[in-house]
Structure formats: C-alpha cells, structure tokens
Amino acid sequence: MAEHFISCKNVCFNYEGRSDAALKNVSLNIDKGELVAVLGHNGSGKSTLAKHLNGILTAQSGDVEVAGYNTKDENNIFNLRSRVGMVFQNPDNQLVATIVEEDVAFALENLGVEPKEIRKRVDEALEAVGMSEFKLSQPHKLSGGQKQRVAIAGVLAMSPDCIVLDEPTAMLDPKGRAQVMDTIIKLNRERGITVVLITHFMEEAALCDRIVVMNDGEVFLDGEPKEVFKHAQKLKDVGLAVPDVTSLCNSLQKLGVEIETSINKDEFIENIQKLLIG
Ligand code: ADP
Ligand code: MG
C-alpha cells in the first residue's frame, strides 16, 4: 500500500514513432485531499501524465500507484477508474444523453446500479455542481460552463476519491470558467475530493494549494503557488507567465516599493492597503 494517494515513480512514456519521450522520469506524489494544478506549455506532457492517473496509459518504465492500485495491474482497472474520474477539455465530447439527468446517470446505469440509488446519486451530484434546476434540460442547450459542470456531475455520481481535469475551462468564456473553478474548489474543500487540475490559466493555478510545472516531459517546479510564482524568470524561460498581479508586484518591488508578493487580486488589494495604511 503506497503512503500517498497518487505516487508516480520514475515514470517514462514514449509514444510510438516519437523520438522524444513525452514523460521522462517523472516522480510525483499527491496526497489525499490536495488541490493540485499542473501547468506547462503545449506539449510539455500534462495530458500524458493525466492519462497515467487512471490507467488510460501505463508507464513504460517506472510505476504509477493510485488509491493503492498499480495502474499496470489490469485486474484493478475497474476499481481504479471508479476511484479516479476524468474530465476533459471539450464538454461536447463527454455528454452522451439527450437529457441532463440521464447523462449524469449514464455510467451508473451501465454498472447496473439500482434505480433508487441512481436517483439519489444523480440528484446529489447535480446539487453539488449547482445544476439541479437543469436536470430535465437538453445538454446541447446549455452554456459551455454548464455543460462542463454536468460532465463533472457525471464523474461525481461515481463517488470518486479523486477527479483529474484536463484543461476543463479551456473552451469556456470567463463566466463559465469562474463557475467551473468555483465548483472544483467546492468539491475539494467541502468533500475532500483530491483534485488534479491541468490548466494554462495562471489565475486558476493560483487558487490551488500546490502547482506542479511540467516542461519537456519533466517536473520543472513543484510547490505552493506563492513559491512557484517567485520564479518569474524561470517560468518565462519555459513559456509561462506569472499572474498579472504578481508581475505588477515584482515590478513595484524593483522600483523599491515594499509591497508583498500577491498571487491574486484580493491579496493584492490587501497588500496595497497594508502599504498605504501600514
Ligand atoms: P500537453 O498536454 O502538455 O500539451 P501532451 O501530453 O499532449 O502535452 O504531449 C506530450 C508530447 O507527446 C508532445 O510532444 C506531443 O506531441 C506528444 N503526443 C501527445 N499525444 C500523442 C499521440 N497520441 N501520439 C504521438 N505523440 C503524442
Ligand atoms: Mg494537453
């Protein structure tokens, strides 16, 4: 039994026909209840890593253990997938039914769960993502953010310990993005669901407990947002920027202004007030 909920040890993965490996000796532990963002420019290996967390892909060398299962063990793949849910970028590819509540029930029905239990879990899942009032709606009529929350409800109905989301907000407008982020954070904070959020939005990563930065198939930085965003130049070198407010703080500090580094707007306002009022 692994001591961490997710444990990747020296994981290497090379897609067939590619000269360069997509994952190079990735070692990474994630504990139960963590809210972890994974950042990295295109092609840095984020999606490949995500696919290793529920056995869609398996390590060619090294090992991935999740929820006590080695992902290479095919006998456990069903248990593994029921403990680790995946949400992808395009909500349209994830919704299969013509009515929202049927969509959320889809996987449970396939598992042969009793109708009464399905009803209960579907209602709870829709409630948790704030979509109860749309349970009889047609998915294609929903906004992107709503669709993505229905997709999350579908995963949630399986009562997972962990949700892995691969750029779930990439196709959404700012309002949809905010709704989905609020939902993700609530699931983590209120239900203790372990969350691995792949994103290219610095502002989303700043809301997480921890940021893992991938570069060229390797873990490049790993730490609390405040720590990671201190490395503005290093991030720039791998094609990433710090959040705008952080960059502003860095510039002010260079001008001799004694403002603390901020990683989000609220913190920035607080730090400005401290500066002005003392
Ligand atoms: P990211 O999600 O960070 O953009 P990916 O994990 O998708 O990165 O890709 C990592 C590397 O693997 C890239 O060089 C990409 O071109 C390559 N890659 C990804 N998927 C495939 C695939 N199905 N076949 C071949 N190469 C792939
Ligand atoms: Mg990707």
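Modeller: A residue is taken to be near a molecule if one of its heavy atoms lies within 4 Å of that molecule. The model is a predicted one. By that criterion, the residues around ligand 1 are Tyr 15, Arg 18, Ala 22, His 41, Asn 42, Gly 43, Ser 44, Gly 45, Lys 46, Ser 47 and Thr 48. Several polar atoms of the protein approach oxygen atoms of the ligand. A polar backbone atom of Ser 44 is 3.2 Å from an oxygen atom of ligand 1. The side chain of Ser 47 places an N or O atom 2.9 Å from an oxygen atom of the ligand, and for the side chain of Thr 48 the corresponding distance is 2.5 Å.

Because its relative accessibility is 8%, Phe 13 counts as buried, whereas Tyr 15, with a relative accessible area of 33%, is partly exposed.

The 18 residues of H6 should span 26 Å at 1.5 Å a residue, and the end C-alpha atoms are 25 Å apart, which agrees. The buried residues of H6 are Gly 176, Val 180, Met 181, Thr 183, Ile 184, Ile 185, Leu 187 and Asn 188. Gly 176 counts as buried because its relative accessibility is 3%. In an α-helix there are 3.6 residues a turn, so residues three or four places apart point the same way. The cover over the buried residues of H6 includes strands E3, E7 and E8 together with helices H4, H5 and H7. Arg 177 lies over the face of Phe 201, at 4.0 Å from the ring centre. After H6 comes Gly 192, whose phi is positive, near 70°.

Arg 83, in helix H2 (residues 77–83), is 77 residues from Pro 160 in sequence, yet their C-alpha atoms are 4.3 Å apart. Beyond its sequence neighbours up to four places away, Arg 83 touches Ala 67, Tyr 69, Pro 160, Asp 161 and Cys 162. Its side chain makes a polar contact of 2.3 Å with the side chain of Asp 161. With a relative accessible area of 27%, Arg 83 is partly exposed.

Thr 246, by contrast, counts as buried, with a relative accessibility of 0%. It lies in helix H10 (residues 244–254), and, with residues up to four places away in sequence left aside, it touches Phe 229, Thr 261, Ser 262 and Ile 263. With one of these, Ser 262, there is a polar approach: the backbone oxygen of Ser 262 lies 2.7 Å from a polar atom of the side chain of Thr 246.

Technical notes:
Residues are numbered from 1 along each chain as its sequence is written. Chains are lettered from A and ligands numbered from 1 in the order in which they are written. This is a predicted model: local features need pLDDT of at least 70, side-chain atom pairs count only at pLDDT 80 or more; totals for chains, interfaces and linings use all residues. Side-chain values use heavy atoms; hydrogens and water are left out. Buried means under 20% relative accessible area, exposed over 50%, partly exposed in between (1.4 Å probe, protein chains only). Helices (H or I, at least four residues) and strands (E, at least two) are DSSP runs, numbered from the N terminus. The expected span of a helix is 1.5 Å times one less than its number of residues. Contact means heavy atoms within 4.5 Å. A charge sits over a ring if NZ of Lys or CZ of Arg is within 6 Å of the ring centre and within 35 degrees of the ring normal. A polar contact is a pair of N or O atoms within 3.5 Å; within protein, one must be able to donate a hydrogen and the other to accept it, and residues adjacent in sequence count only if both atoms are side-chain atoms.
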